[in-house]
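Work through the exercises below with the coordinates open. Each task is followed by a solution in steps.

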Amino acid sequence: MNAPFIEASIAAAMTALRLRRRDSRFAEGRCTPHVEPCELFFINARMQDTGSPTAGSPPTLEDFLLAVGRERDRAAFAALFGHFAPRLKAYLRRQGCDPGGAEELVQEVMLLVWRRAETYDPVQASASTWVFTIARNKRIDALRREQRPEIDPDDPALVPALVPGPLESADHRVEAQETTGRLRAALKILPPEQAELLRLAYFEDKPHSVISAEQGIPLGTVKSRLRLAMERLRKAMRDTV
Amino acid sequence: MTVPTHHPGDTLLIDYAGGALGEAVSLVIATHLALCPCCRLNVAEMEAIGGALLEEIEPEEVDPSCLDAVLARLDEIPPLPRAPRVHKPKPVCPGQRTETPLLPEPLRRYVGDDLDRLPWTSLMRGMDCVEIPLFGQHSDPTTGRGRARLMRMKGGVGPPRHTHRGIELTLVLDGGFSDDLGQFVRGDLAVGDESVHHRPVADEEGCLCLAVTVGHLHFTGALGLILNPFVKF
């Protein structure tokens, strides 16, 4: 193993560990040296993914999520927490949570991320998308005391797709990650009135009919703006470079 | 197997993907998704938009004790066992009939598999319905409590001409019906709102559907003048 690689992995580990400097168990020396778990994770991830386009580059959110799923890697989890917790808090605040309640729910969502990481499939979704769906379902359960009915992928009554789903391959895995990147870029250049409606739809627990009534925008206008936004974003998602 | 031709449309699917719909409306959308691979792909893309929006949100600082608290709880509950993921559909031998349940999930877990055991009540001649109990304590406070029912109509039967105060979503599960907007068969979702005046009539073989209403139907014909005060369809 060459020196630059070790340096890089320690830097990545330190980034992750900076987030949990206050974790008393590490101060007690249970896990010294501090870099150990994440370094291990990084080396493991490299060994497993040798040949994939991400090998050699710093770990992505998807890598961290896989490390949690495969190895119960706490440093990788801390890195995920550092990235997602402030975003989840902002998301839950927009859903009407007070700051304290939002932090409690952030904990619940992150615990679900820890517990379900094994089921994460990078071919199906980017880490952000996966965490978004967990947060969405948790807040419906917690704030509305309601279930969110969902399909069962193994249901024999499910009508299968005409075209088979994405194959299990590194290419498709990268595709799911890159989709989020392309979407973020496309969101930035969306006309403001379309972007604002999207945020209301995703962040404020209001169906488009309620948005229309509250914002005083005719229902037809709300619908057409959302449709236009979808058209642009779909194009961004489907246009693979 | 055919795929549906009448869909919820982008705006309802965005509401579903974002999690803004109440349980009743989500139930009918999710059941349509089970029968419509095309809308499933759309929802997956809309969830990806949710992921990108979460990335773009202005982050709010989280108290550092929050991470400590979560780390301390990681071992509280053992991780969920890895669910066996089957990517390939099971091979179907030619000649062998596989029993496909009539009702797809998530509807099946609400009403079970045996339609004849449900407590059907008669709405009018040739038209029965059964209320579907929802799990939620209270439904979406912003749109009022939605109501989900299974409806069974004999051939040629249908409710009187009506419009909707609020929204009515009707998903065909078996047989079919026709109205001013076209023909609806298994998997098709009819979206009715204030702009839709219609008189649906069940096709010859009858029709079984999942009907969700938020708000009430409003009968518009002469019969409606008599029915409206008494019947809460």
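**Exercise 1.** State what the buried residues of α10(A) pack against, and on which side of α10(A) they sit.

Solution. The buried residues of α10(A) pack against α9 and α11 of chain A together with α1 (10-18) of chain B. Contact requires C-beta atoms, placed from the backbone, within 7 Å; helices are DSSP runs (H or I, at least four residues), numbered from the N terminus. The buried residues are His208(A), Ser209(A) and Ile211(A), where buried means 20 or more other C-beta atoms within 10 Å of the residue's own. They cover an arc of only 160 degrees around the axis, so they lie on the same side of α10(A); the arc is taken over directions from the helix axis to the C-beta atoms.

The model is predicted: local features need pLDDT of at least 70 and side-chain atom pairs 80 or more, while totals for chains, interfaces and linings use all residues. Residues are numbered from 1 along each chain as written, with chains lettered from A and ligands numbered from 1 in the order written.

**Exercise 2.** Describe how α7(A) packs with α3(B).

Solution. The angle between α7(A) and α3 (residues 37-56) of chain B is about 95 degrees, and their axes are 7 Å apart. Axes are lines fitted to C-alpha atoms over the stretch in contact, with angles from 0 to 180 degrees between N-to-C directions. The pair is therefore roughly perpendicular (65 to 115 degrees). Among the residues that meet are Phe132(A) and Arg136(A) in α7(A), and Glu47(B) and Leu54(B) in α3(B).

Key. A residue is buried if 20 or more other C-beta atoms lie within 10 Å of its own, exposed if 12 or fewer, and partly exposed in between; C-beta atoms are placed from the backbone. Helices (H or I, at least four residues) and strands (E, at least two) are DSSP runs, numbered from the N terminus. Two residues are in contact if their C-beta atoms, placed from the backbone, lie within 7 Å. Angles under 35 degrees count as roughly parallel, over 145 as roughly antiparallel, 65 to 115 as roughly perpendicular and the rest as oblique.
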